[in-house]
Amino acid sequence: MEIKERLSKIFSSLDIDVAVIMNSEFIDPNFHYLTGFTSGVFESNMLLATKNEVTLLTSDLEYATALSQKKSGMKILNVLSDKEKFEEEMSIIKGKRLGINGKFLSYSGYQFIEKYKPKSVIDISEVLTKARMIKDNEELRNIRKAVSITKFAILEAQKSLKEGITELELAARVDFAIKSFGASGNSFDTIVAFGENTAYPHHMPDSTKLTYGDLVLIDTGAKFNNYCADITRTIVFGEQDKKFKEMFNLVKSAQLMAIHKLKPGADSYKIGKEVRNYIDTYANGKYKGKFIHALGHGIGLEVHDHAMFGKGPSRIIKKGMTMAVEPGVYVEGLGGVRIEDDVFIDKNGSVVL
């Protein structure tokens, strides 16, 4: 990765002197975006970014790990355990125009920064999100790998399907396979649903047991070098019922329609309306109102890396975006079908990863 290129994407539209990225016990995804670090914890560490350089303020705990991953355009300072040195480095922000990630930084974190008397503090979270929206080649390679691991993990876990297995047991097998195939972890908690539970999009796995003829929904994602995948598959355990086959074919057709229409310059809101109308008018409105969530969302360092699309305000699709496309239909008392794939937007349209 080129740190200066990423800094340029951020600072080109901002009138600030320094961007401050401050971790808590959780790690701001922009910390990974500006360092490219793939190992280490870096809790409570801080980045001070200017348009030319990123300075990491770290401690004995992470200093050697940081040095092993240091890139051009980065300065690493072991100052968190030395109050005098830390205060000296923080003095750089006195009288300066600062940018913070207001979507991540806590109020106490904001108060901490204010102690160093910056000239002004503005929320640059939208600019950070916009910068991360367009992926470079390294980011795309990481997402491709995360997607590949996820697909293999789902296939591997499906080999365990048998009557009596619980949703929790199958979810554990998915997660084990994800790690076994080389992921650093999960993008989010794996969703597994059997039978009527598939009618609830965010049903979390419980002790429900699989029976013959049930729908099985698996929604999961691997994380590779901090980049996320998000894949959903719905199958039938046993002989496929006609009503389930109809639901599957409808959702798959809707997804293919969306993928075909996602291209640079297209309005994702309009695409979402068209897909929703297709589902609502199918078979004289048999499934009208049964598609109850957005058409998809961005993916990257976060599983929802930028806003949902296909529902809400207009969003223009741009070359370099990576997106999850996930139409679904949900019928309480029967079940639901969701099919989700991750795509990359190139100059001609969308490519399924």
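Me: How many helices and strands does the protein chain have?
Reply: Happy to start there, with the reminder that this is a predicted model. Counting along the protein chain gives ten helices and 19 strands.

Me: Why can the protein chain be called as compact as a globular protein of that length?
Reply: For 353 residues, the globule rule gives 20 Å. The protein chain comes close to that, so it is as compact as a globular protein of that length, with a radius of gyration of 23 Å.

Me: What share of the residues in the protein chain is buried?
Reply: Here buried means under 20% relative accessible area. Of the 353 residues in the protein chain, the buried ones make up 51%.

Me: Which residues is I10 in contact with, leaving aside its neighbours within four places in sequence?
Reply: Contact here means heavy atoms within 4.5 Å. With those neighbours left out, the partners of I10 are Y33, L34, V127, L128 and A131.

Me: What is the handedness of the β-α-β crossover from β5 to β6?
Reply: Strands β5 (residues 97-100) and β6 (residues 120-123) pair in the parallel sense over four bridges, and I100 has D123 as its bridge partner in β6. Between the two strands the chain passes through helix α5 (residues 107-114). This crossover is right-handed.

Terms used:
Residues numbered from 1 in each chain as written. Predicted model: local features only at pLDDT ≥ 70, side-chain atom pairs only at ≥ 80, totals over all residues. Heavy atoms only, no water. Pairing = 2+ DSSP bridges. Right-handed = clockwise from strand over helix to strand, strands pointing away. Rg over C-alpha atoms; globule rule 2.2 N^0.38 Å. Buried < 20%, exposed > 50% of the residue type's maximum accessible area, 1.4 Å probe, protein only.
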